[in-house]
Amino acid sequence: PRASRAAQFMPFAALTGYYELARRQERITEERHELTEDEAIALSRTITQIKKGDLVRVTYYDWDAYRTVSGMVARIDTTFRRLQVVQTVIPFDDIRNIERDAHGTGHNGHTGHAI
């Protein structure tokens with residue numbers, strides 16, 4: 001029957017995760033950029049200025065390369081030193097750059113420091 005013919009084209013369960021592993025192998029890795037003292041101070045100042053609901057663009061180190069996420073700040077956790085943008089939780093120590101969207105802040109429109 002048709003159902004058994006279709007089953008032969010379904011992915012083989014033993015390959016689950018194989019394609020993701022292959023994609024990871026293709027990724028280009030980057031060295032982590034250590035912030036200078038001036039960059040760290042400027043970034044710290046920007047983190048203290050952002051508020052929940054601000055629209056931001058954050059570049060951060062994730063595993064082996066830099067990623068950028070844009071969206072609304074959902075949470076700023078100063079105790080555990082983490083910033084949550086939409087559903088992405090980013091440790092402060094992994095952040096390289098934060099830019100605030102001057103049009104979407106709803107506050108004074110100040111743009112954050114870009115490193």
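Arg81 counts as partly exposed because its relative accessibility is 40%, where partly exposed lies between buried, under 20% relative accessible area, and exposed, over 50% (1.4 Å probe, protein chains only). Arg81 forms a salt bridge with Asp93, with the closest N and O atoms 2.8 Å apart. A salt bridge puts a side-chain nitrogen of Lys or Arg within 4 Å of a carboxyl oxygen of Asp or Glu. By this rule there are seven salt bridges.

This is a predicted model: local features need pLDDT of at least 70, side-chain atom pairs count only at pLDDT 80 or more, and totals for chains, interfaces and linings use all residues. Residues are numbered from 1 along each chain as its sequence is written, and side-chain values use heavy atoms, without hydrogens and water.

**Arg81 and Asp93**
- The Arg81–Asp93 salt bridge has its closest N and O atoms 2.8 Å apart, and the pair links distant parts of the chain, twelve residues apart.
- Arg81 sits in the loop between β2 and β3 (82-85), and Asp93 in the loop between β4 (88-91) and β5 (95-100).
- Asp93 is exposed, at 58% relative accessible area.

**Asp77**
- Asp77 lies in strand β2 (residues 65-77); strands are DSSP runs (E, at least two residues), numbered from the N terminus.
- Asp77 is buried, at 9% relative accessibility.
- Arg82 forms a salt bridge with Asp77, the closest N and O atoms being 3.7 Å apart.
- Arg82 is partly exposed, at 34%.

**Asp64 and Arg67**
- Asp64 and Arg67 form a salt bridge, with closest N and O atoms 4.0 Å apart.
- Asp64 is buried at 14%; Arg67 is partly exposed at 25%.
- A network of salt bridges links Asp62, Asp64 and Arg67.

Notes. Helices (H or I, at least four residues) and strands (E, at least two) are DSSP runs, numbered from the N terminus.
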